[in-house]
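Please open the model in your viewer and keep the sequence panel beside it, so that each stop on this tour can be selected in turn.

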Amino acid sequence: MDRQTRCVAINEVAAARLGRSRDEFIGLRMRDLGKELMPAEVDERRLGYFEQVFRTKQSVRFQDEREGGRYDVTMYPVLDTGGDVSHVVVFARDVTETVRAKEALEASEAWYRSLIELGAVIHTVLDTQGRIIYESASVERILGWKPEEMVGRSVFDDVHPDDLE
């Protein structure tokens, strides 16, 4: 994109994803594209980042959300021979599925964590020598022992010697 936010080049994949041919994009301004392709607030935010790249001569990375999709976007400055920004290159990657998978994993982890930590059952994980490497928070409610005090101890420490055989 040039200083006036006109598209000077676009790859085939991006053009197809946005529903036009490459030739249809050349010369279009970002604001004109934005009105058709994204909500006004996303368009304004992108224009702000565009101006920031021209002002600071530094790349900027951000995420957009539009039409139910999530996009990881990076804008890079292209400097002319005088060291001024002449163009901005925009790379956008659809990260919708990655973000959804991460959110689903986090929700699942939170659900399982609540089962383990808030349940009425004590969950203990041992290493091969019988040392506790994880103790659920429920051990404190049920037995009065703090989980962090249990980690590192052997499960056999509290077993009567006659019962070890």
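Two strands pair if DSSP finds at least two bridges between them, and the elements themselves are DSSP runs numbered from the N terminus, with helices (H or I) of at least four residues and strands (E) of at least two. This is a predicted model, in which local features need pLDDT of at least 70, side-chain atom pairs count only at pLDDT 80 or more, and totals for chains, interfaces and linings use all residues. Residues are numbered from 1 along each chain as its sequence is written, and side-chain values use heavy atoms, with hydrogens and water left out.

Select strand E1 (residues 60-66) together with E2, and you will find them paired in the antiparallel sense over 7 bridges, with Arg 61 standing opposite Thr 74 in E2. In the turn of this hairpin, where 2 residues lie between E1 and E2, Glu 67 has a positive phi of about 50 degrees.

The hairpin of E2 and E3 has 5 residues between the strands, and Gly 83 takes a positive phi near 85 degrees.

Finally, go to Thr 96, which is placed in helix H5 (residues 96-118). Thr 96 is buried, with a relative accessible area of 7% (buried means under 20%, exposed over 50% and partly exposed in between, with a 1.4 Å probe and protein chains only). Not counting residues up to four places away in sequence, Thr 96 touches Gly 68, Gly 69 and Arg 70, where contact means heavy atoms within 4.5 Å.
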